[in-house]
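Open the model in your viewer and keep the sequence panel beside it. Each stop below says what to select and then what is there.

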Amino acid sequence: MTVVIPNTKTDRTASAPGSADVWALVATKLRCITPMIAIYVTAYLGLAILSGFAKPLLGTKVLGPVNLGFVMIALNYLVAWVLAVIYARVANRVHDPLVQRIMARANNDGRGS
Amino acid sequence: MNGITIGIFAAILALTLAITAWAARRTRTATDFYAAGKGLTAAQNGFALAGDWCSAAAFLGFTGLTALYGADGALYAIGPLVAFCTVLFIIAEPLRNTGTYTIGDVILYRMKRPPALAAAVLGTIVINLAYMIPQMAGGGVLLKLLLGLRYDVSVVLVGLGMIVYVAAGGMLATSWVQIVKAVLMLSAGAIVLLMAVWQVGFDPLVFFSADEARYGPSFLLPGNFLKNPWDEVSLGLGYVLGLAGLPHVMTRFYTVPDAKTARRSVVWVMFLAGAFFACTTIFGLAAAHFVGQDAIRAADRGGNLTLPLLAQYLGGGKGSAGGEIMLGFIAAVAVATIIAVVAGLTLATSGAIAHDLYVNLIKKGNVPQRDQVLAARITAIAVGIVATLLGILAEGVNVAVLVILAICIAASANFPVLVLSLFWRRFNTRGVIGGMGLGLISSVGLALIGPAYLGKDALWPLVNPTVVTLPLGVLGAVLGTLIAGRNDAHERRFDEVMLRVHTGVRS
């Protein structure tokens with residue numbers, strides 16, 4: 001049903017067409033999303049944990065009547081939006097061309113399957 | 001007030017019914033019914049996602065929580081936005097590439113075994129019903145308050161609306177109902193925001209200082225609503241990972257032509273819904289300042305009428321024409337919100353029953369297109385009737401906590417199983433059953449012996465047990481996988497799976 005590409009270097013990439021390319025794509029994606037996940041999880045769970053266990057700290061006034069808790073909430077909005085825009089840009093410029101290449105190759109190799 | 005609310009609501013109803021009639025003529029295949037022919041644009045799906053995700057709990061609930069409990073309301077409101085980071089980075093594109101109409105599709109493609117699909121279907125049905133009952137009850141309470149109808153009549157009206165939208169117009173009608181509702185909700189939000197900040201000279205910081213002076217410094221601190229610190233952590237975990245396991249939101253990614261469009265629709269919803277969530281915090285602070293907590297509590301102890309009351313005040317106050325128009329508008333949008341959200345839930349549940357259970361599990365995929373659509377329509381009507389009956393039975397019961405339970409199960413059972421299916425080579429059918437089983441049982445069990453049901457006699461301290469049940473769900477999935485042992489053919493196939501997950505190529 002599928003055509004095996006013979007000249008792949010590692011064992012686990014030998015069973016599907018273009019799977020070396022797929023694993024390269026996965027590695028590229030992980031390089032992009034791992035730090036992003038670390039950032040938003042730290043920012044958000046950090047806020048949740050501080051809300052539970054460090055109320056006096058979050059009560060520190062930062063901006064007139066606005067305390068650190070609300071500033072951190074605002075920062076979380078900012079983090080989510082900025083990360084979303086960055087991810088979309090990286091995905092458009094880096095991930096999509098890799099996907100296109102794999103799809104083109106799979107279509108050529110997969111003819112008649 | 002009744003006349004204006006009824007007028008605006010009738011206009012919304014007429015528009016959505018016209019859309020349903022239009023959509024019904026375009027719904028011929030299963031792909032039409034479950035996935036709107038996979039023809040939505042990124043912006044359309046983004047608005048529809050915002051419609052799905054901003055339930056009455058967000059629209060009315062976050063505003064009320066902020067008005068009565070200050071910072072905890074704002075903490076509640078940020079979670080649902082951050083949750084979309086998880087969806088965007090990990091779930092949306094793989095889901096679109098891998099499945100056809102449901103979460104069950106992903107599990108079935110990965111495992112190729114009926115028990116794995118059955119476990120996924122069970123998770124979807126439990127989550128959707130738990131999510132639906134409070135929405136039905138909320139719709140009943142709201143219609144009763146606004147139109148003076150009896151509670152059971154109100155619930156039946158909500159049920160009837162959603163059954164007509166879904167059974168006749170499928171995903172196309174449901175999506176456009178969501179889009180109409182999202183546009184109305186966002187417009188209402190923008191109008192209320194402008195009027196509120198205009199009153200204080202465009203300086204929202206006034207709300208902070210005025211509320212603090214009136215209600216004391218603890219108002220702007222967390223912990224007024226969620227007393228147990230671990231509940232704050234559980235809430236955070238539940239939201240951030242639970243959304244990615246909620247079937248009625250995830251199935252929206254099947255309505256677009258490809259993964260790239262799915263990705264762009266997430267960015268849309270993050271800005272649309274995120275901006276709205278941020279506004280609910282301002283609305284809550286403004287309502288505490290303008291309307292006052294006493295008046296808010298007098299109208300509804302849970303604060304669910306805060307936003308309508310704020311709109312009434314900003315329009316000119318009780319009895320004034322402007323005040324009554326604003327109140328009527330917000331109230332009508334709130335009712336439309338509830339019907340739209342339950343329609344999405346009905347559709348996702350009928351997908352799990354008619355597509356996963358009937359077509360794929362029982363008939364092994366051998367069902368002609370016309371019969372698939374018929375089965376889907378019949379199931380939608382049946383699901384709608386069951387939800388309506390449960391909604392009527394829920395009168396007077398505190399069902400709001402069921403939303404927490406639904407999100408907890410989604411985070412503890414669906415999310416680990418979905419992620420491990422997409423990313424772990426060894427993950428297998430026993431793992432799916434272990435993860436679903438332990439995640440589901442521990443979530444329901446701990447919720448039942450927790451303070452939500454047993455009050456002071458609770459055997460377990462947290463309302464929201466996600467902080468414990470999520471690790472249990474993951475543990476169940478890993479243990480199940482390891483107990484089943486290795487399967488070379490299954491693990492070798494993972495390369496093919498990864499090709500489809502990341503590119504959408506179907507071999």
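Select helix α6 of chain B, residues 103-111, in this predicted model. Eight of its nine residues are buried, so α6(B) is largely enclosed by the rest of the structure. The buried residues are B:I103, B:G104, B:D105, B:V106, B:I107, B:L108, B:R110 and B:M111.

Now move just past the end of α6(B), to B:K112. Is B:K112 buried or exposed? B:K112 has 12 other C-beta atoms within 10 Å, and is therefore exposed; the cut-off for exposed is 12 or fewer. B:K112 lies in the loop between α6 and α7 (114-147) of chain B. Check its backbone too: phi is positive, about 60°, although B:K112 is not a glycine. Most residues other than glycine have a negative phi.

Select B:A36 next. This residue also has a positive phi, near 50°, and is not a glycine. Where is B:A36 found? It sits in the loop between α2 (30-35) and α3 (42-53) of chain B. With 27 other C-beta atoms within 10 Å, B:A36 is buried, whereas B:K112 is exposed.

The next stop is a pair of helices. Show α5 (residues 71-98) of chain B together with α10(B). Their axes come within 7 Å and cross at roughly 45°, and the two helices are therefore oblique to each other. The crossing of α5(B) and α10(B) is right-handed. To see the contact, display B:G79, B:P80, B:V82, B:A83 and B:T86 on α5(B), then B:L235, B:G236, B:Y239, B:V240 and B:L241 on α10(B). Which classes of residue make up this contact? It has seven nonpolar residues, three polar and no charged.

Stay on α10(B), which covers residues 229-242, and pick B:G242. B:G242 has 28 C-beta neighbours inside 10 Å and so counts as buried. Leaving out residues up to four places away in sequence, B:G242 touches B:I407, B:C408, B:A410, B:A411 and B:F415. For a distance exercise, draw a line from the C-alpha atom of B:G242 to that of B:A188: the two residues are 54 apart along the chain, and the line spans 28 Å.

The contacts of B:G242 include B:C408, and B:C408 also takes part in the next contact, on α17(B). Select α17 (residues 401-423) and α18 (residues 429-448) of chain B. How do the two helices pack? The angle is about 165° and the axes are 9 Å apart, so α17(B) and α18(B) are roughly antiparallel to each other. Their crossing is right-handed. On α17(B), the contact is made by B:L405, B:C408, B:I409, B:S412, B:A413, B:P416, B:V417 and B:L420. Count along the positions of these residues as you click through them. An α-helix has 3.6 residues a turn, so residues three or four places apart point the same way. On α18(B), the residues in the contact include B:G431, B:G435 and B:G439. By class, the contact of α17(B) with α18(B) has eleven nonpolar residues, six polar and no charged.

Zoom out to the whole of chain B. It has 22 helices and zero strands. The radius of gyration of chain B is 22 Å, close to the 23 Å that the globule rule gives for 507 residues, so the chain is as compact as a globular protein of that length. Along the principal axes, its C-alpha atoms fill a box of roughly 70 × 50 × 40 Å. Buried residues make up 64% of chain B. Of the contacts in chain B with a separation of 6 or more, 81% are between residues 24 or more positions apart.

Turn to chain A, which has 113 residues, 27% of them buried. Chain A contains three helices and two strands, in the order α-α-β-β-α from the N terminus.

Finally, colour the two chains separately and look at where they meet. In this interface, 48 residues of chain A are in contact with 42 residues of chain B. On the chain A side, α1 (19-53), α2 (55-58), β2 (66-67) and α3 (68-109) each supply at least two residues. Which element of chain A gives the most? It is α3(A), with 18 residues. The chain A side divides into 32 nonpolar, 14 polar and two charged residues.

Conventions
Residues are numbered from 1 along each chain as its sequence is written. Chains are lettered from A and ligands numbered from 1 in the order in which they are written. This is a predicted model: local features need pLDDT of at least 70, side-chain atom pairs count only at pLDDT 80 or more; totals for chains, interfaces and linings use all residues. Two residues are in contact if their C-beta atoms, placed from the backbone, lie within 7 Å. Helices (H or I, at least four residues) and strands (E, at least two) are DSSP runs, numbered from the N terminus. Ala, Val, Leu, Ile, Met, Phe, Trp, Tyr, Cys and Pro count as nonpolar, Asp, Glu, Lys and Arg as charged, and the others, Gly among them, as polar. A residue is buried if 20 or more other C-beta atoms lie within 10 Å of its own, exposed if 12 or fewer, and partly exposed in between; C-beta atoms are placed from the backbone. Axes are lines fitted to C-alpha atoms, for helices over the stretch in contact, and angles run from 0 to 180 degrees between N-to-C directions. Angles under 35 degrees count as roughly parallel, over 145 as roughly antiparallel, 65 to 115 as roughly perpendicular and the rest as oblique. A crossing is left-handed if the near helix is turned anticlockwise from the far one by less than a right angle, and right-handed if clockwise. The radius of gyration is taken over C-alpha atoms; the globule rule is 2.2 Å times the number of residues to the power 0.38.
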